[in-house]
Amino acid sequence: MIAAQAKLVYHLNKYYNEKCQARKAAIAKTIREVCKEVEVQEPRFISSLNEMDNRYEGLEVISPTEFEVVLYLNQMGVFNFVDDGSLPGCAVLKLSDGRKRSMSLWVEFITASGYLSARKIRSRFQTLVAQAVDKCSYRDVVKMVADTSEVKLRIRDRYVVQITPAFKCTGIWPRSAAHWPLPHIPWPGPNRVAEVKAEGFNLLSKECHSLAGKQSSAESDAWVLQFAEAENRLQMGGCRKKCLSILKTLRDRHLELPGQPLNNYHMKTLVSYECEKHPRESDWDESCLGDRLNGILLQLISCLQCRRCPHYFLPNLDLFQGKPHSALENAAKQTWRLAREILTNPKSLEKL
(Lines give C-alpha, C1' and ligand atoms only; values in the text may rest on other atoms or scores of the structure.)
Protein backbone atom coordinates (compact mmCIF):
# COMPACT_ATOMS: atom_id res chain seq x y z
CA MET A 1 0.00 0.00 0.00
CA ILE A 2 2.80 2.39 1.00
CA ALA A 3 4.73 1.46 -2.15
CA ALA A 4 1.65 2.25 -4.29
CA GLN A 5 1.24 5.63 -2.55
CA ALA A 6 4.90 6.47 -3.04
CA LYS A 7 4.64 5.55 -6.73
CA LEU A 8 1.63 7.84 -7.16
CA VAL A 9 3.40 10.74 -5.37
CA TYR A 10 6.48 10.21 -7.58
CA HIS A 11 4.38 10.47 -10.77
CA LEU A 12 2.40 13.44 -9.43
CA ASN A 13 5.64 15.33 -8.67
CA LYS A 14 6.92 14.48 -12.13
CA TYR A 15 3.62 15.76 -13.59
CA TYR A 16 3.91 18.93 -11.51
CA ASN A 17 7.51 19.60 -12.64
CA GLU A 18 6.89 18.86 -16.32
CA LYS A 19 3.31 19.92 -17.05
CA CYS A 20 2.22 22.30 -14.25
CA GLN A 21 5.42 24.34 -14.30
CA ALA A 22 5.19 24.63 -18.09
CA ARG A 23 1.57 25.81 -17.73
CA LYS A 24 2.61 28.37 -15.11
CA ALA A 25 5.48 29.65 -17.27
CA ALA A 26 3.22 30.00 -20.33
CA ILE A 27 0.58 31.86 -18.30
CA ALA A 28 3.22 34.14 -16.71
CA LYS A 29 4.51 35.01 -20.20
CA THR A 30 0.96 35.74 -21.38
CA ILE A 31 0.27 37.91 -18.32
CA ARG A 32 3.43 39.98 -18.91
CA GLU A 33 2.35 40.54 -22.52
CA VAL A 34 -1.20 41.42 -21.50
CA CYS A 35 -0.05 43.76 -18.72
CA LYS A 36 2.31 45.62 -21.04
CA GLU A 37 -0.47 46.19 -23.55
CA VAL A 38 -3.02 47.23 -20.91
CA GLU A 39 -0.50 49.57 -19.29
CA VAL A 40 0.18 51.34 -22.58
CA GLN A 41 -3.49 52.20 -22.99
CA GLU A 42 -4.19 53.32 -19.46
CA PRO A 43 -1.35 53.57 -16.91
CA ARG A 44 -3.75 53.50 -13.95
CA PHE A 45 -4.71 49.89 -14.68
CA ILE A 46 -1.34 48.57 -13.69
CA SER A 47 -1.33 49.93 -10.14
CA SER A 48 -3.02 46.85 -8.71
CA LEU A 49 -0.74 44.41 -10.58
CA ASN A 50 2.30 43.60 -8.48
CA GLU A 51 4.41 40.61 -9.48
CA MET A 52 5.25 38.42 -6.46
CA ASP A 53 6.69 34.89 -6.56
CA ASN A 54 5.79 34.50 -10.24
CA ARG A 55 2.15 35.47 -9.64
CA TYR A 56 0.44 38.80 -10.06
CA GLU A 57 -1.51 40.23 -7.18
CA GLY A 58 -4.74 41.79 -8.42
CA LEU A 59 -4.98 39.31 -11.28
CA GLU A 60 -6.97 36.08 -11.40
CA VAL A 61 -6.23 33.46 -14.05
CA ILE A 62 -9.59 32.12 -15.24
CA SER A 63 -8.06 29.88 -17.92
CA PRO A 64 -4.75 29.98 -19.87
CA THR A 65 -6.26 32.57 -22.22
CA GLU A 66 -8.70 34.38 -19.89
CA PHE A 67 -7.70 36.77 -17.12
CA GLU A 68 -9.36 39.17 -14.75
CA VAL A 69 -7.62 42.33 -13.54
CA VAL A 70 -9.11 43.93 -10.44
CA LEU A 71 -8.79 47.71 -10.50
CA TYR A 72 -9.25 49.14 -7.01
CA LEU A 73 -11.21 52.36 -6.67
CA ASN A 74 -10.75 55.07 -4.05
CA GLN A 75 -12.37 54.05 -0.80
CA MET A 76 -16.08 53.99 -0.10
CA GLY A 77 -16.02 56.61 2.67
CA VAL A 78 -19.61 57.67 3.26
CA PHE A 79 -21.27 54.31 2.41
CA ASN A 80 -22.55 51.54 4.64
CA PHE A 81 -21.92 47.95 3.59
CA VAL A 82 -25.33 46.15 3.56
CA ASP A 83 -25.17 42.38 3.44
CA ASP A 84 -28.53 40.96 4.55
CA GLY A 85 -28.46 37.72 2.54
CA SER A 86 -31.27 38.77 0.18
CA LEU A 87 -28.82 38.85 -2.75
CA PRO A 88 -26.75 35.58 -2.62
CA GLY A 89 -23.06 36.32 -3.16
CA CYS A 90 -23.69 40.06 -3.35
CA ALA A 91 -24.01 43.16 -1.16
CA VAL A 92 -24.99 46.79 -1.67
CA LEU A 93 -23.38 50.07 -0.64
CA LYS A 94 -25.84 52.62 0.76
CA LEU A 95 -25.20 56.23 1.71
CA SER A 96 -24.88 56.44 5.50
CA ASP A 97 -26.52 59.87 5.41
CA GLY A 98 -28.34 61.40 2.43
CA ARG A 99 -26.78 64.80 3.14
CA LYS A 100 -23.34 63.34 2.42
CA ARG A 101 -24.20 62.62 -1.23
CA SER A 102 -22.36 65.71 -2.48
CA MET A 103 -19.28 64.73 -0.42
CA SER A 104 -18.89 61.45 -2.29
CA LEU A 105 -16.34 61.01 -5.07
CA TRP A 106 -19.00 58.92 -6.79
CA VAL A 107 -21.91 61.38 -6.64
CA GLU A 108 -23.09 60.75 -10.23
CA PHE A 109 -23.34 56.98 -9.60
CA ILE A 110 -25.58 57.21 -6.53
CA THR A 111 -29.20 56.20 -7.16
CA ALA A 112 -32.26 58.09 -5.86
CA SER A 113 -32.52 55.48 -3.08
CA GLY A 114 -28.96 56.27 -1.97
CA TYR A 115 -27.23 53.16 -3.35
CA LEU A 116 -23.87 53.29 -5.13
CA SER A 117 -24.73 51.54 -8.39
CA ALA A 118 -22.18 48.95 -9.50
CA ARG A 119 -23.69 48.88 -12.99
CA LYS A 120 -23.55 52.69 -13.42
CA ILE A 121 -19.86 52.70 -12.45
CA ARG A 122 -19.20 49.81 -14.87
CA SER A 123 -21.01 51.60 -17.68
CA ARG A 124 -18.94 54.77 -17.21
CA PHE A 125 -15.78 52.69 -16.94
CA GLN A 126 -16.65 50.88 -20.18
CA THR A 127 -16.89 54.23 -21.99
CA LEU A 128 -13.48 55.35 -20.64
CA VAL A 129 -11.81 52.09 -21.62
CA ALA A 130 -13.38 52.17 -25.11
CA GLN A 131 -11.96 55.68 -25.60
CA ALA A 132 -8.54 54.57 -24.33
CA VAL A 133 -8.53 51.56 -26.68
CA ASP A 134 -9.54 53.77 -29.59
CA LYS A 135 -6.69 56.20 -28.98
CA CYS A 136 -3.93 53.78 -28.02
CA SER A 137 -1.13 52.71 -30.32
CA TYR A 138 -2.18 49.08 -29.79
CA ARG A 139 -5.67 49.51 -31.22
CA ASP A 140 -4.91 47.05 -34.03
CA VAL A 141 -4.37 44.22 -31.52
CA VAL A 142 -6.76 45.26 -28.72
CA LYS A 143 -10.54 45.15 -29.21
CA MET A 144 -13.43 45.63 -26.78
CA VAL A 145 -15.65 42.55 -26.42
CA ALA A 146 -19.20 43.54 -27.36
CA ASP A 147 -22.55 42.20 -26.02
CA THR A 148 -21.62 42.42 -22.34
CA SER A 149 -21.99 45.06 -19.65
CA GLU A 150 -18.54 44.06 -18.37
CA VAL A 151 -15.25 45.57 -19.52
CA LYS A 152 -13.52 42.87 -21.55
CA LEU A 153 -10.62 43.29 -23.95
CA ARG A 154 -9.62 40.80 -26.61
CA ILE A 155 -5.88 41.00 -27.20
CA ARG A 156 -4.25 39.69 -30.40
CA ASP A 157 -7.39 37.49 -30.88
CA ARG A 158 -5.76 35.13 -28.36
CA TYR A 159 -6.47 36.44 -24.87
CA VAL A 160 -9.45 37.95 -23.09
CA VAL A 161 -8.79 40.30 -20.17
CA GLN A 162 -11.69 41.43 -18.02
CA ILE A 163 -11.02 44.64 -16.09
CA THR A 164 -13.23 44.83 -13.02
CA PRO A 165 -13.64 47.95 -10.85
CA ALA A 166 -13.60 47.00 -7.15
CA PHE A 167 -13.49 48.24 -3.58
CA LYS A 168 -11.11 46.59 -1.13
CA CYS A 169 -12.80 46.00 2.25
CA THR A 170 -10.32 45.32 5.04
CA GLY A 171 -11.02 44.98 8.72
CA ILE A 172 -14.68 43.98 8.23
CA TRP A 173 -16.22 40.60 7.52
CA PRO A 174 -19.53 39.95 5.69
CA ARG A 175 -22.52 38.79 7.70
CA SER A 176 -23.27 36.13 5.05
CA ALA A 177 -19.88 34.53 5.90
CA ALA A 178 -20.32 34.91 9.70
CA HIS A 179 -20.71 31.12 10.20
CA TRP A 180 -17.03 30.68 9.21
CA PRO A 181 -15.00 29.07 10.66
CA LEU A 182 -17.20 26.16 11.69
CA PRO A 183 -16.85 25.73 15.47
CA HIS A 184 -16.37 21.92 15.48
CA ILE A 185 -13.55 21.90 12.89
CA PRO A 186 -9.98 22.55 14.12
CA TRP A 187 -8.80 24.05 10.81
CA PRO A 188 -7.68 26.78 10.37
CA GLY A 189 -6.28 27.73 13.77
CA PRO A 190 -7.34 30.99 15.52
CA ASN A 191 -4.26 32.92 14.33
CA ARG A 192 -4.89 32.07 10.68
CA VAL A 193 -8.60 32.92 11.07
CA ALA A 194 -7.65 36.36 12.47
CA GLU A 195 -5.26 36.93 9.51
CA VAL A 196 -7.91 35.92 6.96
CA LYS A 197 -10.60 38.13 8.48
CA ALA A 198 -8.19 41.08 8.68
CA GLU A 199 -7.38 40.49 4.98
CA GLY A 200 -11.09 41.07 4.32
CA PHE A 201 -12.65 40.77 0.88
CA ASN A 202 -13.35 42.69 -2.33
CA LEU A 203 -16.57 44.07 -3.74
CA LEU A 204 -16.54 43.71 -7.53
CA SER A 205 -18.62 45.54 -10.10
CA LYS A 206 -19.54 42.63 -12.38
CA GLU A 207 -22.57 40.67 -13.55
CA CYS A 208 -23.82 38.46 -10.73
CA HIS A 209 -24.91 35.09 -12.12
CA SER A 210 -26.86 34.18 -8.97
CA LEU A 211 -29.16 37.16 -9.67
CA ALA A 212 -29.63 36.47 -13.38
CA GLY A 213 -33.23 37.00 -14.37
CA LYS A 214 -34.10 39.00 -11.25
CA GLN A 215 -34.38 42.36 -12.94
CA SER A 216 -34.65 44.40 -9.77
CA SER A 217 -32.94 47.69 -9.11
CA ALA A 218 -31.04 45.98 -6.29
CA GLU A 219 -29.52 43.59 -8.84
CA SER A 220 -28.12 46.42 -10.95
CA ASP A 221 -26.80 48.21 -7.86
CA ALA A 222 -25.34 45.06 -6.24
CA TRP A 223 -21.62 44.36 -5.84
CA VAL A 224 -20.22 40.80 -6.00
CA LEU A 225 -18.35 39.52 -2.93
CA GLN A 226 -14.90 38.07 -3.68
CA PHE A 227 -12.41 36.47 -1.24
CA ALA A 228 -9.33 35.86 -3.45
CA GLU A 229 -6.65 36.99 -0.99
CA ALA A 230 -8.32 35.27 1.98
CA GLU A 231 -8.45 32.00 -0.01
CA ASN A 232 -4.81 32.30 -1.05
CA ARG A 233 -3.79 32.84 2.57
CA LEU A 234 -5.77 29.78 3.71
CA GLN A 235 -4.09 27.56 1.14
CA MET A 236 -0.53 28.35 2.15
CA GLY A 237 1.67 25.58 3.57
CA GLY A 238 2.20 21.88 2.89
CA CYS A 239 1.33 20.55 -0.56
CA ARG A 240 -1.89 22.61 -0.86
CA LYS A 241 -0.66 24.93 -3.64
CA LYS A 242 0.96 22.05 -5.52
CA CYS A 243 -2.29 20.06 -5.29
CA LEU A 244 -4.26 23.05 -6.65
CA SER A 245 -1.75 23.54 -9.47
CA ILE A 246 -2.11 19.88 -10.54
CA LEU A 247 -5.93 20.17 -10.44
CA LYS A 248 -5.85 23.33 -12.58
CA THR A 249 -3.53 21.68 -15.11
CA LEU A 250 -5.76 18.59 -15.32
CA ARG A 251 -8.78 20.89 -15.79
CA ASP A 252 -7.10 22.90 -18.55
CA ARG A 253 -5.99 19.78 -20.42
CA HIS A 254 -8.98 17.44 -19.94
CA LEU A 255 -11.99 19.25 -18.43
CA GLU A 256 -12.36 22.26 -20.75
CA LEU A 257 -15.74 20.97 -21.93
CA PRO A 258 -18.81 22.21 -23.87
CA GLY A 259 -21.02 24.38 -21.66
CA GLN A 260 -17.96 25.28 -19.53
CA PRO A 261 -19.10 23.39 -16.42
CA LEU A 262 -15.76 23.68 -14.60
CA ASN A 263 -13.33 26.53 -13.99
CA ASN A 264 -10.26 26.99 -11.81
CA TYR A 265 -12.34 28.53 -9.03
CA HIS A 266 -14.25 25.25 -8.53
CA MET A 267 -10.86 23.55 -7.97
CA LYS A 268 -9.74 26.23 -5.51
CA THR A 269 -13.02 25.89 -3.58
CA LEU A 270 -12.71 22.11 -3.28
CA VAL A 271 -9.13 22.42 -1.97
CA SER A 272 -10.52 24.60 0.87
CA TYR A 273 -13.14 21.94 1.70
CA GLU A 274 -10.44 19.23 1.65
CA CYS A 275 -8.43 21.31 4.15
CA GLU A 276 -11.43 21.18 6.52
CA LYS A 277 -11.77 17.41 6.10
CA HIS A 278 -8.04 16.93 6.75
CA PRO A 279 -7.21 19.62 9.33
CA ARG A 280 -3.77 18.41 10.48
CA GLU A 281 -0.68 19.81 8.80
CA SER A 282 0.67 16.25 8.54
CA ASP A 283 -2.30 15.49 6.23
CA TRP A 284 -0.74 17.91 3.75
CA ASP A 285 2.74 16.48 3.80
CA GLU A 286 4.23 15.78 0.33
CA SER A 287 3.74 12.04 0.92
CA CYS A 288 -0.06 12.61 1.13
CA LEU A 289 -0.34 14.44 -2.20
CA GLY A 290 -1.93 11.44 -3.97
CA ASP A 291 -4.54 10.94 -1.22
CA ARG A 292 -5.51 14.61 -1.21
CA LEU A 293 -5.80 14.72 -5.01
CA ASN A 294 -7.96 11.58 -5.08
CA GLY A 295 -10.16 12.96 -2.30
CA ILE A 296 -10.75 16.22 -4.20
CA LEU A 297 -11.47 14.48 -7.52
CA LEU A 298 -14.02 12.19 -5.80
CA GLN A 299 -15.62 15.20 -4.08
CA LEU A 300 -15.76 16.97 -7.46
CA ILE A 301 -17.57 13.97 -9.01
CA SER A 302 -20.05 14.00 -6.11
CA CYS A 303 -20.71 17.76 -6.57
CA LEU A 304 -21.17 17.33 -10.33
CA GLN A 305 -23.60 14.43 -9.83
CA CYS A 306 -25.59 16.39 -7.21
CA ARG A 307 -25.35 19.50 -9.49
CA ARG A 308 -24.32 21.64 -6.55
CA CYS A 309 -20.99 23.14 -5.48
CA PRO A 310 -21.39 25.56 -2.53
CA HIS A 311 -19.05 28.57 -2.33
CA TYR A 312 -16.59 28.00 0.53
CA PHE A 313 -17.35 31.22 2.45
CA LEU A 314 -20.93 31.72 1.18
CA PRO A 315 -22.55 28.25 1.20
CA ASN A 316 -25.92 29.65 0.04
CA LEU A 317 -24.23 30.50 -3.26
CA ASP A 318 -24.10 27.53 -5.66
CA LEU A 319 -21.12 27.77 -8.03
CA PHE A 320 -22.87 25.46 -10.52
CA GLN A 321 -25.95 27.68 -10.80
CA GLY A 322 -26.94 28.23 -14.42
CA LYS A 323 -24.68 25.44 -15.75
CA PRO A 324 -26.44 23.05 -18.17
CA HIS A 325 -27.22 19.69 -16.50
CA SER A 326 -25.87 17.79 -19.52
CA ALA A 327 -22.54 19.66 -19.21
CA LEU A 328 -22.29 18.77 -15.48
CA GLU A 329 -23.04 15.09 -16.24
CA ASN A 330 -20.43 15.02 -18.99
CA ALA A 331 -17.88 16.63 -16.61
CA ALA A 332 -18.68 14.00 -13.92
CA LYS A 333 -17.97 11.18 -16.42
CA GLN A 334 -14.72 12.78 -17.60
CA THR A 335 -13.56 13.46 -14.02
CA TRP A 336 -14.33 9.85 -13.05
CA ARG A 337 -12.29 8.61 -16.03
CA LEU A 338 -9.37 10.83 -14.96
CA ALA A 339 -9.56 9.81 -11.29
CA ARG A 340 -9.73 6.09 -12.14
CA GLU A 341 -6.78 6.36 -14.52
CA ILE A 342 -4.59 8.23 -12.01
CA LEU A 343 -5.49 5.85 -9.16
CA THR A 344 -5.09 2.56 -11.05
CA ASN A 345 -2.13 3.58 -13.19
CA PRO A 346 -0.05 6.50 -11.86
CA LYS A 347 2.24 6.18 -14.89
CA SER A 348 -0.69 7.44 -17.02
CA LEU A 349 0.13 10.97 -15.73
CA GLU A 350 2.95 10.99 -18.29
CA LYS A 351 0.29 11.10 -21.03
CA LEU A 352 -2.38 13.17 -19.25
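## Charges over aromatic rings

In this predicted model, the charged end of Lys94 is placed over the ring of Tyr115, at 4.8 Å from the ring centre.

## Aromatic pairs and the Phe81–Phe201 contact

Searching the whole structure gives 10 aromatic pairs. One of them is formed by Phe81 and Phe201, whose rings are tilted, with 5.3 Å from centre to centre and 45° between the planes. Because Phe81 belongs to strand E5 (residues 79–82) and Phe201 to strand E10 (residues 201–204), this pair ties together parts that are 120 residues apart in sequence. Phe81 counts as partly exposed, with a relative accessibility of 23%, whereas Phe201, at 3%, counts as buried.

## The Trp173–Phe227 contact

Trp173 and Phe227 also form an aromatic pair, here with an edge-to-face arrangement in which the ring centres are 5.5 Å apart and the planes are at 65°. Trp173 is found in the loop between strand E9 (159–169) and helix H3 (190–199), and Phe227 in the loop between strand E11 (223–226) and helix H5 (228–234), so the pair ties together parts that are 54 residues apart in sequence. Trp173 counts as buried because its relative accessibility is 17%, which is under the 20% cut-off, and Phe227 counts as buried at 1%.

## A cluster of rings

The residues of both pairs described above, Phe81, Phe201, Trp173 and Phe227, belong to a cluster linked by ring pairs. The cluster also includes Trp180, Tyr273, Tyr312 and Phe313.

Methods. Residues are numbered from 1 along each chain as its sequence is written. This is a predicted model: local features need pLDDT of at least 70, side-chain atom pairs count only at pLDDT 80 or more; totals for chains, interfaces and linings use all residues. Side-chain values use heavy atoms; hydrogens and water are left out. Rings of Phe, Tyr and Trp (its six-membered ring) pair if their centres lie within 6.5 Å; planes under 30 degrees apart count as stacked, over 60 as edge-to-face and the rest as tilted. Helices (H or I, at least four residues) and strands (E, at least two) are DSSP runs, numbered from the N terminus. Buried means under 20% relative accessible area, exposed over 50%, partly exposed in between (1.4 Å probe, protein chains only). A charge sits over a ring if NZ of Lys or CZ of Arg is within 6 Å of the ring centre and within 35 degrees of the ring normal.
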